[in-house]
Amino acid sequence: MSSTSDKAKGLANEAAGNIKQGVGKVTGNDKLRAEGKAQEVKGEVQKKVGDAKDAVKKATK
């Protein structure tokens with residue numbers, strides 16, 4: 001997977017996670033809030049993986 005696709009998927013997961021958290025908060029659904037937080041963290045990690053891949057590419061040039 002390329003660094004760009006990692007970053008894009010990371011952003012998508014962060015956004016979806018934030019939405020889930022918001023819906024969970026409004027509806028009082030703690031499980032949905034937890035799922036949203038987990039998805040948000042997953043997105044943050046994916047973005048960092050993309051950043052790391054970019055750093056490796058730059059270092060090897």
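Lys31 is placed in helix 2, which covers residues 30–60; helices here (H or I, at least four residues) are DSSP runs, numbered from the N terminus. The model is a predicted one, in which local features need pLDDT of at least 70 and side-chain atom pairs count only at pLDDT 80 or more, while totals for chains, interfaces and linings use all residues. Residues are numbered from 1 along each chain as its sequence is written, and side-chain values use heavy atoms, with hydrogens and water left out.

Lys31 counts as exposed because its relative accessibility is 61%, where exposed means over 50% relative accessible area, buried means under 20%, and partly exposed lies in between, computed with a 1.4 Å probe on protein chains only. The C-alpha atom of Lys31 is separated by 9.8 Å from that of Lys20, the two residues being 11 residues apart along the chain.

Lys31 also takes part in a salt bridge with Glu35, with 3.9 Å between the closest N and O atoms; the term requires a side-chain nitrogen of Lys or Arg within 4 Å of a carboxyl oxygen of Asp or Glu. Both residues lie in helix 2, and their spacing of 4 residues is about one turn of the helix.

How many salt bridges does the structure hold? There are 6 salt bridges in the structure, and one of them joins the side chains of Asp54 and Lys7, at 2.4 Å from N to O. Because Asp54 lies in helix 2 and Lys7 in helix 1 (residues 3–27), this pair ties together parts that are 47 residues apart in sequence. Asp54 counts as partly exposed at 21% relative accessibility, and Lys7 is partly exposed as well, with a relative accessible area of 26%.

Another salt bridge links Glu40 with Lys37, whose closest N and O atoms are 3.7 Å apart. Glu40 and Lys37 both belong to helix 2 and stand 3 residues apart, about one turn of the helix. Is Glu40 buried or exposed? With a relative accessibility of 12%, Glu40 counts as buried, while Lys37, at 42%, counts as partly exposed. Beyond this pair, salt bridges that share partners join Lys7, Asp51 and Asp54 into one network.

Definitions and conventions: Helices (H or I, at least four residues) and strands (E, at least two) are DSSP runs, numbered from the N terminus.
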